[in-house]
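Reader: I'd like to learn how to read a model like this one. Could you take me through it piece by piece?

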Amino acid sequence: MPRALMLHDDAPRARLETLDESQLPERAVRVAIDYSDLNYKDAMAVTGHGKIVREYPLVPGIDFAGTVTDSTDARFAADDRVILTGWGVGERHWGGFAEAMRVDADWLVPCPQPLSTRQAMLFGTAGLTAMLSVMRLKEAGLGPGDGPVVVTGASGGVGSWAVSILAHEGFEVHAITGKPEQNAWLEALGAHAILSRANFESRGRPLESTQWAGAVDTVGGQILANLLAQMNYAGKVAAVGLAGDAALPTTVMPFILRGVSLLGVDSVYIPFDRRRAAWQRIAALPNALLSHMHVEEVGLDDVPDRAHAMLEGRTHGRVLIDPR
Ligand code: NDP
């Protein structure tokens, strides 16, 4: 009988429970979950911030990797190693903070060799989203020779993977962080220069001196507006997150006078083929990138505490969850 972290709409919100198999959703594929991880959206769901959870009770966890134990869908069989990210899992469908879960076959991607399921969740939704951002920037024409690329929320899950992957691909990466104590770690990930978040928080002019060929932004708000004003002619910005603010107090000036592109990145509903392609690119990254990532490994009962820490900006890198 699998244990799961269950969210309720009364106190205490998050409870560790043992589920009867019959309580699992009636879906085609049962997966024994090896690892999940904590994303910003999970932290909001577990703590009750925002409107992430659509109905209670709900097992949160927007992603997991594990091994199929049984399947009524011909695409999967027992012992297949699989990854699930997105599709509203952990928001409207029961998710990965459990020892096992039943899910739709459409939501699963085979875990590509040589990635272990643990390594897959060290990347998780954060690493997938960082890879999708890099793919989006490169498809828009950005190359390492074009100039520096800046990453915001650099010490976070998406940000740190973006720094790491961009540096690996030969880009000169500038990391913006609110955590000066993580400067040395960000340099180890491959950041060429570290900039203080405080320098980007006040309202700037619609156009500033140009500095950046590209950007991966995980924070939104005034910081994104300021980056847009600093982009080189034809600069490219991947808009990924809202850890600072969902608002975007900008003008049309960067777009109409400098031809800047603002490129949206979504990891939740991207089609299967692109999802699989991104995971294959992740699997081809050298192991050295994983060895530099900061990982905190916790159990299901630690999740509420780490969720609060994440929203308060007290985590960095990745929080890996071993449900057993
Ligand atoms: P993390 O909490 O791991 O990272 C967020 C980082 O943002 C923090 O580490 C911090 O970095 C920075 N930050 C935190 N608070 C503020 C603030 N008030 N103002 C400015 N910067 C702040 O979260 P994730 O990496 O998991 O997610 C980052 C964002 O990306 C979230 O908004 C999330 O919802 C979004 N996201 C979007 C996806 C998509 O499909 N588009 C997929 C995954 C995530 P530092 O201290 O270094 O500045």
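Reader: What distance separates the centres of domain 1 and domain 2, taken over C-alpha atoms?

Author: Before that, a word on the source: this is a predicted model, where local features need pLDDT of at least 70, side-chain atom pairs count only at pLDDT 80 or more, and totals for chains, interfaces and linings use all residues. Residues are numbered from 1 along each chain as its sequence is written. Now, domain bounds come from an automatic or database domain assignment. Here they give domain 1 (3-111 + 294-321) and domain 2 (125-264). Their centres are 29 Å apart, taken over C-alpha atoms.

Reader: How many residues does the contact take from each domain?

Author: Two residues are in contact if their C-beta atoms, placed from the backbone, lie within 7 Å. By that rule the contact takes 11 residues from domain 1 and 11 residues from domain 2. On the domain 1 side, two are nonpolar, seven polar and two charged. (Ala, Val, Leu, Ile, Met, Phe, Trp, Tyr, Cys and Pro count as nonpolar, Asp, Glu, Lys and Arg as charged, and the others, Gly among them, as polar.)

Reader: And the ligand: how many residues surround it?

Author: A residue is near a molecule if its C-beta atom, placed from the backbone, lies within 6 Å of it. The ligand has 32 residues around it, and the closest are Gly153, Ser155, Gly156, Gly241 and Gly244. That shell divides into 12 nonpolar, 16 polar and four charged residues. Domain 1 and domain 2 each give at least three residues to the shell.

Reader: Which helices each supply at least two residues of that shell?

Author: Helices (H or I, at least four residues) and strands (E, at least two) are DSSP runs, numbered from the N terminus. α1 (40-47), α2 (117-139) and α3 (157-168) each supply at least two.

Reader: At what angle do α2 and α3 pack?

Author: Two packed helices are described by the angle between their axes and the distance between the axes. Axes are lines fitted to C-alpha atoms, for helices over the stretch in contact, and angles run from 0 to 180 degrees between N-to-C directions. α2 and α3 pack at about 50°, with axes 8 Å apart. That makes α2 oblique to α3 (under 35 degrees is roughly parallel, over 145 roughly antiparallel, 65 to 115 roughly perpendicular, the rest oblique). Residues of this contact divide into 10 nonpolar, four polar and no charged.
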